[in-house]
Amino acid sequence: MDIDHNDIRILGALKMDAKTLGDIKDRTGINSEELENILGILESSKLITSTAGTGLFGQSKIFIKITENGSGIIDEYVEFLHTKWEEIINFAAAGEREKLDQFMIDNPFLVKNMIFFKVIDLPLLGRLNLRFLLEGKNLCYQCKKELGRFTQKFSIKDCNKFGFKIPSGMTVEDNLCASCFDNLANNI
Ligand SMILES: [Zn+2]
């Protein structure tokens, strides 16, 4: 599926129950500037619509809704997550730990998105001894180098603090290694 990680999470949040910018921000952790950017693109692609309304205290507020097309994309994506989950289960059942690790490196968002879209949940991962898929290896978001316990790590917060451009698709749960973070500094 060739759709951006953040696009899919925003559409997903809208399909679940988000209605305002604040709701989407809470659910996805995407910062306002990027969020407004993406919402603009999603609206011109007719995947969402927005209307101006009035909030609880009479203030003007934008309400956002997913369209039928947008909703279809999410249905398809959830279907896709189910097939990927089957693959994970098959690797795990066959004891193919190396293939599983490689799969997770190639698809860094997959398990997080499975939880986000409620394809699986944490207790299920626990029962199957697969919690390491989420917590096990902490890899640099950009170069996939392993980040050890004592390695310096940089989050979206650090990027914002220094005014660096956040790599596309990076979430609040992701980290960068020092050299990838330094590279961002060179790209301002
Ligand atoms: Zn890195």
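1. How many helices and strands are there in the chain? There are ten helices and two strands. Helices here are DSSP runs of H or I with at least four residues, strands are runs of E with at least two, and both are numbered from the N terminus. The order along the sequence is α-α-α-β-β-α-α-α-α-α-α-α.

2. This is a predicted model: local features need pLDDT of at least 70, side-chain atom pairs count only at pLDDT 80 or more, and totals for chains, interfaces and linings use all residues. Residues are numbered from 1 along each chain as its sequence is written.

3. The C-alpha atoms fill a box of roughly 55 × 40 × 30 Å along the principal axes. Of the 188 residues, 22% are buried (20 or more other C-beta atoms within 10 Å of the residue's own, with C-beta atoms placed from the backbone).

4. The largest nonpolar core has 23 residues. Such a core is a set of buried Ala, Val, Leu, Ile, Met, Phe, Trp, Tyr and Cys residues joined through C-beta atoms within 7 Å. I10, L11, L14, L42, L47 and I48 touch the most other members. At least two residues each come from α1 (5-16), α3 (32-44), β2 (60-66), α4 and α6 (110-116). The largest share, five residues, is from α1.

5. Helix α4 (residues 68-93) packs on helix α5 (residues 97-106) at about 150 degrees, with axes 8 Å apart. Axes are lines fitted to C-alpha atoms over the stretch in contact, and angles run from 0 to 180 degrees between N-to-C directions. The two helices are therefore roughly antiparallel (angles over 145 degrees).

Technical notes
Angles under 35 degrees count as roughly parallel, over 145 as roughly antiparallel, 65 to 115 as roughly perpendicular and the rest as oblique. A residue is buried if 20 or more other C-beta atoms lie within 10 Å of its own, exposed if 12 or fewer, and partly exposed in between; C-beta atoms are placed from the backbone.
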